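Dear colleague,

Please read the notes with the coordinates open beside them.

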Amino acid sequence: MHPKDTLSNVLYIDLTRKTYWVENRKDLFEEYIGGAGVAINLLREECPRGTDPLGPDNPIVFAVGPFTGLYPIASKTVAMFKSPLTGNLGESHAGGRSAIAIRMAGYGAIVIKGASEKPVYIAIHGDKIFFRDASALWGIKSSLTVGRIIRERELGAGIRTIMRIGRAGEKLVRYACVVTETYRHFGRLGLGAVFGSKKLKALVVSGRRTIPVSDKKGYREVYKELFDAMVKSPAMRKYHDLGTAANVLPLNELGALPVKNLQASKFEKAKEISGENLAEKYLGRRLACAHCPVACIHLAALREPYEDEPYFYKTTFISYDYELIYSLGSMLGVENAEDLLKILDEVEVLGLDGISSGVALAWATEAFERGLIGEEETLGLKLRWGNVETYIKALRYIVAQPNEFYRVLARGVDYASRIYGGEEFALAFGGNEMAGYHTGPTGYFGFLAGSRHSHLDMGGYSIDQKVLGKEFTIEELVDRALKEEEWRQILSSLVVCFFARGIYKPEMVAKAFKPLGWKLNVKDLEEKGKIIHRLKYEFKYREGFSLDKLKIPKRIFEVPTPHGILKEETIKEMIEIFKKKLST
Ligand code: SF4
């Protein structure tokens, strides 16, 4: 690391006492790189065993990495905390301007501890930290409005991030998200509820530092190589053109797109909600996270007339991607693009995680169909596939929690199904609602055994597709998934957007480290990836996770995947193999 680099500065903030201090943690950054590697260590230090995820002792750790601000697409920030949804390791990544702002403010990580009695937001402007009264922002209906108000009040436009929660976070919905720069999110595992439990409405960060490099010529050469690879790569071009929404039709064709709470894996209206249709009819603009030449963020422009006002229209920009199209589209049987955009907008306004929200509504719809719940529970709402108006009302109830049913549903489908029944079709794995990939055994194995129970851990959905039609053994699938998850620890420590994983390969990463004054070869990186991965499992085991107690919803064995009908024994065998490999 360059001697003048401020990456190893960790800013600690105590919300209870309204104090802060900075510690130089070269020990952590030199050993664990940054991002996820440093964050898991800070979480282990700061989060006492058995901590209540919504109690003041649950810390929030944000961390960036040595490539942040220096190399293209190293645009993400890692957030780590104990998840109120799963009761275990919480990890979520977001882009926007969050990473560059933290780095330019002079920090590699920020740790927020304690809880405020009154609503506050924290403003970090370089080495000046302010605790601002947020009482007037608490309770504002839209997370978008909160962002606009703070934007007016705080300095540092351009290299400033505004992370904030909506009503869902305030009301401690266990799958509330943190919105950053309006269209980016720390989406998964309930960071929004942790903010809410601390009465933390928002975190603003800005800074104006420069980042030193040791070998400027070498840096420029590596930068050019990376940049050229990104702008010329057909894989990255796909993200720019249609975004991940491009996956809707191919996954549907394969029979891997979950439909109506995974009662089917092919959707006859897939074309209507496809990336192609959304782009042709609604695409308004594309955005990029800071320092990303790809710009995969797609915003639809939804133009709606005002009632009784001819020629007056409201145009709303709504971000969409594959996961949202799956969870709030096919999973709910939503058959047209306009309805889909309306429900997406509501989820954004409320500050909910789109994947968990859609899966929760899908479970509730099936539970309603089967008579496990009725209108007494839903407060008169008739939950029916595709009925977006009713779904929007149900989302508002999940946030407002006017009765016991919605209070329970606000804790996720795993919890709700334990109370009301329907566990066999409650599509949560390790307590986390599933992403949109009914691709085969590795996808589900990854949801169950991955460190954050996300499709992003092992990329099992991608492995399933790559091995289609080829010979393979179960052990080979586990090996590939584990190797992928270990390497992703390095990408998460740098912190590089996973969409560029085909470019940031081990040799390229080792090469990119050199001009920055780091001495790490491919072997070092692979070893560190393995160590960081095991540290996450140490934390998970410490907090009660067990690979022997994983619950698998029966539904996944009832609907054909591209690999045919899955067998429970196969998934269990994969978990057994994984368990043995983890202990070596
Ligand atoms: S590819 Fe998309 S998500 Fe990744 S850094 Fe670029 S704009 Fe952000």
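The domain bounds used in this message come from an automatic or database domain assignment. Please also keep in mind throughout that this is a predicted model. With those bounds, the shell around the ligand draws at least three residues from each of domain 1 (9-206) and domain 2 (233-429). There are 13 residues around the ligand, and those that come nearest are S75, C289, C292, C296 and C497. Sorted by class, the shell around the ligand consists of 11 nonpolar and 2 polar residues, with no charged residue among them.

The assignment for the whole chain gives, besides domain 1 (9-206) and domain 2 (233-429), a domain 3 that covers 437-582. The centres of domain 1 and domain 3, taken over C-alpha atoms, are 26 Å apart, and 34 residues of domain 1 are in contact with 25 residues of domain 3. On the side of domain 1 that touches domain 3, at least two residues come from each of helix 2 (35-46), strand 4 (77-82) and strand 5 (89-94), and helix 2 gives the most, with 7 residues. In terms of class, that side of domain 1 is made up of 16 nonpolar, 12 polar and 6 charged residues.

Helix 2 deserves a paragraph of its own. Its 12 residues reach 16 Å from the first C-alpha to the last, which is close to the 16 Å expected at 1.5 Å a residue. Because 9 of its 12 residues are buried, helix 2 is largely enclosed by the rest of the structure; the buried ones are G35, A36, G37, V38, A39, I40, N41, L42 and L43.

All of it is buried, 9 of 9 residues in 441-449, so helix 18 is largely enclosed by the rest of the structure. The residues concerned are P441, T442, G443, Y444, F445, G446, F447, L448 and A449, and they pack against strand 16 (428-429), helix 19 (455-458), helix 20 (460-466), helix 21 and helix 24.

In soluble globular proteins, nonpolar side chains tend to be buried together. Here the largest nonpolar core holds 186 residues, of which A39, V61, A109, Y121, V173, W363 and V496 touch the most other members. If neighbours within four places in sequence are left aside, W363 is in contact with N261, V413, A416, S417, G422, F425, A426 and L427.

Some backbone details may be worth a check on your side. Most residues other than glycine have a negative phi, and most peptide bonds are trans. The bond that joins L494 and V495 is a cis peptide bond, with omega about -5°, and V495 lies in the loop between helix 21 (474-494) and helix 22 (506-513). A positive phi, near 55°, is found at K199, a residue other than glycine, in the loop between helix 6 (191-197) and strand 12 (200-206). K199 counts as partly exposed because it has 18 C-beta neighbours inside 10 Å. For D308 phi is likewise positive, near 55°, and the residue sits in the loop between strand 14 (297-305) and strand 15 (313-320); D308 is exposed, because 6 other C-beta atoms lie within 10 Å.

Two further residues complete the list. Is R25 buried or exposed? R25 is buried, because 21 other C-beta atoms lie within 10 Å, where the cut-off for a buried residue is 20 or more. R25 is placed in the loop between strand 2 (19-24) and helix 1 (26-32), and, apart from neighbours within four places in sequence, R25 is in contact with S8 and V10. Its C-alpha atom is separated by 9.2 Å from that of G108, although R25 and G108 are 83 residues apart along the chain.

The other residue, I577, lies in helix 24 (residues 568-582) and is partly exposed, because 18 other C-beta atoms lie within 10 Å. Leaving aside neighbours within four places in sequence, I577 is in contact with I474, E475 and V478.

With best regards

Technical notes
Residues numbered from 1 in each chain as written. Predicted model: local features only at pLDDT ≥ 70, side-chain atom pairs only at ≥ 80, totals over all residues. Contact = placed C-beta atoms within 7 Å. Helix = DSSP H or I, 4+ residues; strand = E, 2+ residues; numbered from the N terminus. Nonpolar A, V, L, I, M, F, W, Y, C, P; charged D, E, K, R; others polar. Expected span 1.5 Å × (residues − 1). Near = placed C-beta within 6 Å. Core = buried A, V, L, I, M, F, W, Y, C linked by C-beta atoms within 7 Å.
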